[in-house]
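Please keep the structure open while reading.

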Amino acid sequence: MMSPAAPEGTGTHIPVMPAEMLAALNPRDGAVYLDGTFGGGGYARAILDRARCHVWAIDRDETAIARGASLVAAYPDRLHLLHGRFSEMLTLLTAAGVQALDGVVLDLGVSSFQIDDPGRGFSFLGDGPLDMRMGRHGGAANDPTAARLVNTLPERELADLLFQLGEERASRRVAHAIVAARAETPIETTGRLASIIRAVLPPDKSGHHPATRSFQALRLSVNDELGEIQRALGQAARLLNPGGRIVIVSFHSLEDRIVKRFMTEASGRNPAPSRHDPRSLAPGVSSAATARFRLVTPKALRPGAAEVAANPRARSARLRAIECLAVAA
C-alpha cells in the first residue's frame with residue numbers, strides 16, 4: 001500500500017500510528033535510532049521530540065533528503081540524513097561511524113509525497129509518466145521503470161508479476177489487454193494504463209480502483225520492495241544493542257508476511273517440529289529460551305477508528321515490534 005498522508009493531492013504528510021510507534025520503540029535520552037524510511041520526517045521528529053536522542057535517517061529519494069534540510073536545522077547535531085536504500089543501512093551507517101543502534105523504525109511503502117506527485121507515476125488518480133521509481137538518481141537511475149516492464153515483459157511474465165506481487169486474480173486478462181494495447185502504441189502514462197485495466201475489469205466491490213493491484217505489483221517490482229525488506233531485517237538485527245527495538249509498519253499482506261515471519265523466527269516462536277522431523281535435531285533451530293529477541297507485539301497493532309476516519313490511508317496499516325535480548329554472536 002503506502003505511507004499515508006492527508007487526502008489525495010494535499011501534499012501534507014500525516015505519520016501513521018505515531019503514538020503506537022513511540023510506545024513500541026520506547027525512545028530514551030542518549031540513545032541512537034534509525035528511521036530507515038525518512039519520507040516527510042514525521043517519525044524522526046516524533047522520536048526526537050520524545051527524548052534527547054540522536055536519529056539517523058535514510059531515504060532513497062533524493063527529494064526527501066533535500067526536503068529534510070529544514071528539519072535537520074531544527075534539531076542541530078541530533079538528526080542526520082543519509083541518501084540510500086534502507087537495505088544498505090549497515091554500509092551507510094558504518095561509513096558514517098555508527099556501529100550500533102538502540103532502535104530501528106521502518107514505515108514501508110511509497111511515501112505520501114511520492115503518491116501525490118503525478119510526475120512520479122505512482123498513482124492512477126492523476127495522469128503522469130509511468131515511472132514509479134522511489135529514487136531517480138545514482139544507482140536508482142538504472143532501475144527499470146514501470147513503463148519498461150509494461151512494454152517489454154512477455155505476456156506470461158507480466159501476468160505472473162501481477163498475480164504474485166499484486167495478488168490480482170484476473171492477472172492473465174489484464175496482461176493480455178496490456179500486451180494488445182502496447183502493440184498499437186507504447187504505454188507511457190499512468191492514465192492510459194489505468195484506462196486499459198478499467199476497460200477489462202469490473203468495478204471492485206470494495207470500492208478500490210480496478211488498477212490498484214496492478215499498480216501495486218509494478219511498484220513493488222520496480223523498487224524490489226520485498227527484497228529490500230528481507231535484506232534490511234537481518235542488518236537491523238545485527239546493529240541492535242541489547243534492549244534495542246525494531247518497529248515496522250506495513251501496509252499490505254506481502255510486506256506484513258515477511259515481517260511477521262522474521263520476528264516470529266527471531267523470537268524463537270516457530271511451531272515446534274515433530275520429533276520425526278529432521279529439523280528437530282538441527283543445532284540451528286532456536287527456541288524462546290535461546291532466542292536473541294522477544295516479541296513486543298505478539299499480535300500486529302492496527303490503527304484506531306478515529307485515526308482511520310481522519311486519515312483513510314491508514315486503514316490497512318499493521319505495526320509489529322521486537323526487542324533485542326543479546327548481541328549477535
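## Terms and basis

Axes are lines fitted to C-alpha atoms, for helices over the stretch in contact, and angles run from 0 to 180 degrees between N-to-C directions; contact means heavy atoms within 4.5 Å. Helices (H or I, at least four residues) and strands (E, at least two) are DSSP runs, numbered from the N terminus.

The model is predicted, so that local features need pLDDT of at least 70 and side-chain atom pairs count only at pLDDT 80 or more, while totals for chains, interfaces and linings use all residues. Residues are numbered from 1 along each chain as its sequence is written, and side-chain values use heavy atoms, with hydrogens and water left out.

## The sheet

Seven strands form an open sheet in the order β3-β2-β1-β4-β5-β7-β6, with mixed pairing, where two strands pair if DSSP finds at least two bridges between them. Because β3 and β6 (293–295) stand at the edges with a single partner strand each, one side of each has no neighbour in the sheet. From one strand to the next, the twist averages 20 degrees.

Strand β1 pairs with β2 in the parallel sense over four bridges, and the bridge partner of Val32 in β2 is His54. The chain passes from β1 through α2 to β2 in a right-handed β-α-β crossover, a term which means that, with the strands pointing away from the viewer, the path from the first strand over the helix to the second runs clockwise. β1 also runs parallel to β4, joined by three bridges; Tyr33 stands opposite Gly103 in β4, and Leu34 opposite Val104.

## Helices against the sheet

Helix α1 lies across β1, β4, β5 and β7 (318–324), and runs at about 160 degrees to β5. In helix α2 (residues 42–50), the residues Gly42, Tyr43, Ala44, Ala46, Ile47 and Leu48 are buried, that is, under 20% relative accessible area with a 1.4 Å probe and protein chains only. Their cover includes α1 (18–25), β1 (32–35), β2 (54–59), β3 (79–83), β4 (101–107) and β5 (240–250).

## Nonpolar cores

A nonpolar core is a set of buried Ala, Val, Leu, Ile, Met, Phe, Trp, Tyr and Cys residues joined through side-chain atoms within 4.5 Å. The largest has 63 residues, and Leu93 and Leu193 have the most contacts inside it; helix α12 (residues 225–239) gives the largest share of this core, seven residues. Another core, of 29 residues, lies apart from it and includes Val16, Tyr33, Ile47 and Ala51.

Not counting residues up to four places away in sequence, Leu93 touches Leu34, Trp56, Leu82, Val98, Leu101 and Leu239.

Terms used:
Buried means under 20% relative accessible area, exposed over 50%, partly exposed in between (1.4 Å probe, protein chains only).
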